[in-house]
Amino acid sequence: MNERSSILITSRKLNLQNCYDFVQDKSCGGIALFVGTVRNNSYNKTVTSLNFSSYKPMAIKEIEKIANKALTDFAILKIAIHHVEGNLKIGDIPVIIATSASHRKAAFKACQFAIDTLKETVPIWKKEYFKDGAVWVNSHP
Amino acid sequence: MKINLLLFGIFTDIFCSNKIELSLPNNSTVGDLKEYISKRYPKTKNLNFVVAIDENYAINDKIIKENQVVALIPPVSGG
């Protein structure tokens, strides 16, 4: 963590305003926000709820790598990456990414880079529950 | 050598635990560990996974040392 990044994995409800407030700055002309939300369907089945679990110390490290790379590779001022663990309901927010920059393109690009990379490298797992069972997303052969 | 293996995601269901202890020959590599797991626990045979050592992703050639924190990492699905 440094003064330009805010990283959080929590079992509490995520706070969009906190992410916004962290990245906003008088020098910035734009803020990009990605807000993940729990949808009610997957594999053509109705999702009833889901659970996120993490290898928390490693997940924090991997998110730090993403934040540092985003700060290095894109002309952004700040980045916030917050993720939930625990049980979530339909419509809840599992992840928020916020980036701020002088110009919008860098903010958009960094935000997309962060969420795309998070989904590939950060050890967090989603288990989706249906009326008739459950699956670990991406894990089944 | 004995290693404590941390388990996550689908592995916690397969092993009904979030940790197992196992014995491997000294100087075993990550690749050796993967092969051992697949052979010893048939339910894991068709699962993709990688290994982390001391909270960093490790390649197959990496040698595992006693007392390192070793984890099986199934495909991630955060976000």
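**Chain B: its sheet, its shape and its partner chain**

Q: Which residue in S4(B) is the bridge partner of Val51(B)?
A: Val51(B) is bridged to Ala58(B). A word on the ground rules: this is a predicted model, where local features need pLDDT of at least 70, side-chain atom pairs count only at pLDDT 80 or more, and totals for chains, interfaces and linings use all residues. Residues are numbered from 1 along each chain as its sequence is written, with chains lettered from A and ligands numbered from 1 in the order in which they are written.

Q: Why do S3(B) and S4(B) count as a pair?
A: Two strands pair if DSSP finds at least two bridges between them. S3(B) and S4(B) have 3 bridges, so they qualify. These two strands run antiparallel. Their hairpin has 2 residues between the strands, and Asp54(B) takes a positive phi near 50° there.

Q: How many bridges does strand S3 of chain B make with strand S5 of chain B?
A: There are 4 bridges between S3 (residues 50-53) and S5 (residues 70-73), in the antiparallel sense. Among them, Ala52(B) is partnered with Ala71(B), and Val50(B) with Ile73(B). As a reminder, side chains in a regular strand alternate between the two faces of the sheet.

Q: What makes S2 and S4 of chain B edge strands?
A: The 5 strands form an open sheet with mixed pairing, in the order S2-S1-S5-S3-S4. S2 (19-23) and S4 (56-58) each have a single partner strand, so one side of each has no neighbour in the sheet. From one strand to the next, the twist averages 35°.

Q: What order do the elements of chain B follow from the N terminus on?
A: They run β-α-β-α-β-β-β, with 2 helices and 5 strands in total. Helices (H or I, at least four residues) and strands (E, at least two) are DSSP runs, numbered from the N terminus.

Q: Why is Asn48(B) called exposed?
A: By C-beta atoms placed from the backbone, a residue is buried if 20 or more others lie within 10 Å of its own, exposed if 12 or fewer, and partly exposed in between. Asn48(B) has 12 C-beta neighbours inside 10 Å, so it counts as exposed. Asn48(B) sits in the loop between helix H2 (30-40) and S3 of chain B. Its C-alpha atom is 6.8 Å from that of Pro75(B), 27 residues apart along the chain. Across chain B, 27% of the 79 residues count as buried.

Q: How do you know that the radius of gyration of chain B agrees with a compact globule?
A: The globule rule is 2.2 Å times the number of residues to the power 0.38, and the radius is taken over C-alpha atoms. For 79 residues a compact globule would be near 12 Å, and chain B has 12 Å, so the two agree. Along the principal axes, the C-alpha atoms fill a box of roughly 35 × 25 × 20 Å.

Q: How many residues of chain A are in contact with chain B?
A: Contact means C-beta atoms, placed from the backbone, within 7 Å. By that test, 24 residues of chain A touch 16 residues of chain B. H3(A) gives the largest share of chain A's side, 4 residues.

Q: What pLDDT does chain B have?
A: The mean is 95, and 100% of its residues reach 70 or more; pLDDT is the predictor's confidence in each residue, from 0 to 100. The model scores ipTM 0.95 and pTM 0.95.

Definitions and conventions: Axes fitted to C-alpha atoms, helices over the stretch in contact; angles between N-to-C directions. Contact = placed C-beta atoms within 7 Å.
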